[in-house]
Amino acid sequence: MAMAVGGGGGGAEVGEGVTRVLLVDDSPVDRRVAQLLLSSDSCAGSFHVIAVDSAKKAMELLGLKDGKEQAIDMVLTDYCMPEMTGYDLLKAVKALNPLKPIPVIVMSSEDEPQRISRCLNAGAEDFIVKPLRRKDVQRLRNCSAARSGKLASPPCECDAAAKRKPLVLPPSAAGSPSGRRANFAGVAMVLHSSRVELAQHFPLLLKLVVLAYAVLCVGELLHRWSSRGGCSLALWCA
């Protein structure tokens, strides 16, 4: 048994065969999408996700600052992040243990050939276009199996489920998907998976609608009052 580290997983035991994924993304939406997917019931037990919002925090968890390496099986990082990019994190992770480096998968909302080539040449195991989708799960498992020297395991239940029913997210864009479409897809998945959270905001939305209606009514009354006042003033002057 290995000890998991990081926010939301510190001190929790992780069983053998579970891939400990360090998720690094400064976008709350994309981070939430990946967490929901890798922690879904259909893939329960396959991944243990430790999420952070910056490359610097990832370095601290990996022990790149104090020299104490932590138990992480894979790093899943965004490419564009402030202060320290995913590309910089990739190079730092690969330098941590050159003999048996931790697999690093880079994510980006844009599939620019130059960016992909740059990451792969620096040692990235894979490059995935965001948002993360169910079909990408097997690619993560293949990278983990390659590091452990095992054969790639068969598709997990979540991959079979993906074939049975359509995804909320749009299909993978083989051309050049825009970052805006990727973000919209991520928002759609979060809303679909967090209906309870959305319902909690319904009373506030209802109050805002009632308030807007009241403002319109008051405006209409003021308009009528000013119109009548103008007519009375004209009659008095005559």
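**Reading the cores and Asp78**

Me: In the largest nonpolar core, which of the 25 residues touch the most other members?

Reply: In soluble globular proteins, nonpolar side chains tend to be buried together. Here Leu22, Val24, Val75, Leu89, Val106 and Cys119 touch the most other members of the 25-residue core, a core being a set of buried Ala, Val, Leu, Ile, Met, Phe, Trp, Tyr and Cys residues joined through side-chain atoms within 4.5 Å. Two or more residues come from each of strand S3 (19-24), strand S4 (47-52), helix H2 (55-62), helix H3 (86-96) and strand S6 (104-108), where helices (H or I, at least four residues) and strands (E, at least two) are DSSP runs numbered from the N terminus. Another core, of 16 residues, lies apart from it and includes Leu23, Val49, Met74 and Ile105.

The model is predicted, with local features needing pLDDT of at least 70 and side-chain atom pairs pLDDT 80 or more, while totals for chains, interfaces and linings use all residues. Residues are numbered from 1 along each chain as its sequence is written, and side-chain values use heavy atoms, without hydrogens and water.

Me: With what is Leu22 in contact, beyond its neighbours within four places in sequence?

Reply: Contact means heavy atoms within 4.5 Å, and on that basis Leu22 meets Ile50, Val52, Ala58, Leu61, Leu62, Ile72, Met74, Val75 and Leu76.

Me: Is Asp78 buried or exposed?

Reply: Buried means under 20% relative accessible area, exposed over 50%, and partly exposed in between (1.4 Å probe, protein chains only). Asp78, in strand S5 (residues 74-78), is buried because its relative accessible area is 5%. Leaving aside neighbours within four places in sequence, Asp78 is in contact with Val24, Asp25, Asp26, Gly86, Met107, Ser108 and Lys130.
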